[in-house]
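Good morning, and thank you for coming.

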Amino acid sequence: MERPIASDYGPYYGTVNPVYGLPAPAMAAAPATSIHGPSAPPANMFDTVPGYEGTIAGGGGGYLPPPPPSVPMPVPEQAPSSPNWHIPSISEDQARESFATYVSSKCCYSSAPVKEGVITNMESFNTYRYRLETFTESRSTEWSQEPYTGQPVDAGVQPAPGPWQIAAQPPAFFQEHKQTIKVPYTSSVKNCHLCLGMGRNPCTTCAGSGNKVCWVCNGSGYRQSNDRCTHCNGRGRENCSSCSGNGSRQCDTCRGKRQLLAFINLIVKWSTEKDEFIAQDLSGLRMENLEKVSGKELFKDAQYMVYPVRGFPDVSVAQASERLVRDHQVKYTQTSLILQQRQTIELIPITKVKYMWKGKPYVYYVYGNEFKVNADDYPATCCCSVM
Ligand SMILES: [Zn+2]
Ligand SMILES: [Zn+2]
Ligand SMILES: [Zn+2]
């Protein structure tokens, strides 16, 4: 209670701070930090808990490596059952219709090449997209605190269970989710470090004085006509509205409870990691176009850990599967637990259409389940210049 909160007490109008029992500075408001001290919890706030030594306040300690898997890594066995490799192709009418829709979606394109152009050749260049998704659970810990209101205090009652021994309820596979769990046997009670167990802190608006310069007389106590200021009764100061003249406010950290419960939180996070591979085709259509369309699903496989796809007609797809399955198993077993994997192969149809218009050859592509069109060399991109 005898702690000085500032060194130069103003001689005027100082009121006694009810919390600290000291006259508060009346004139200049000291910066808030010199009153409050550092806001970060001191090191001795948190005890050492065996199994949680790397835990820091506010998190940021990184994810915790899971225990070694109880099931051995899968070894590739047999190829997936051979699907029916039906290669769809589109009709000339479908190509024309998609082309017309595309051109009409561009406000300035003339439709003349669509109407007058003559299709000379249509060729299918289908390609494949391989996608691997890995659904993981990651765990991290952080020291936390909350106002102490009589919660169970159990630190040291028995050893805390390890971070991966605590049961969490996972969501459905491939759904993102996060859960925070108070780690049992880590809770202890500490004096609030921000208010030093007082439950209140000096008001920052009035620097703890409970009053401030009267706005009517600007501190003089008199009005222009030498009359006493009626607003402050000649004091020159008025009560601080932030603290109702108390000079102090309830501590935000302990919400006035004076004590904090310190404990470790376990944060469990479920997320889906995704990688894709699109096989190179010879159509000439740029690959990035294919990222925006869907294809026909040829193969789908979901299990705890998938086997790389084998025996697929396109060797690059099988290789991508081999590589990505291996990558995911290495990458996502270091700091997380793999709960499920899913792999798919889609066939993305691409049709290259060649046509002649006004004696010159042009090309467009129709691709994806959506019959999306790409026509980089469209000859009439400005309707005003084409008659
Ligand atoms: Zn006044
Ligand atoms: Zn105040
Ligand atoms: Zn406090």
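Two strands are said to pair if DSSP finds at least two bridges between them. Strands, runs of E with at least two residues, and helices, runs of H or I with at least four, are DSSP runs numbered from the N terminus.

The model is a predicted one: local features need pLDDT of at least 70 and side-chain atom pairs count only at pLDDT 80 or more, while totals for chains, interfaces and linings use all residues. Residues are numbered from 1 along each chain as its sequence is written.

Four residues lie between them in a hairpin, where Gly 368 has a positive phi of about 80 degrees. On β13, which runs antiparallel to β14 and is joined to it by eight bridges, Lys 354 is the bridge partner of Val 363.

I turn now to α4. Its buried residues (20 or more other C-beta atoms within 10 Å of their own, with C-beta atoms placed from the backbone) include Val 317, Leu 324 and His 328. Seen down the helix axis, the buried residues fall within an arc of 130 degrees, taken from the directions from axis to C-beta atoms, so they line one face of α4.

Finally, the largest nonpolar core, with 32 residues, has Tyr 128, Val 317, Tyr 365 and Tyr 367 as those with the most contacts inside it. Such a core is a set of buried Ala, Val, Leu, Ile, Met, Phe, Trp, Tyr and Cys residues joined through C-beta atoms within 7 Å.

Technical notes: Chains are lettered from A and ligands numbered from 1 in the order in which they are written. A residue is buried if 20 or more other C-beta atoms lie within 10 Å of its own, exposed if 12 or fewer, and partly exposed in between; C-beta atoms are placed from the backbone.
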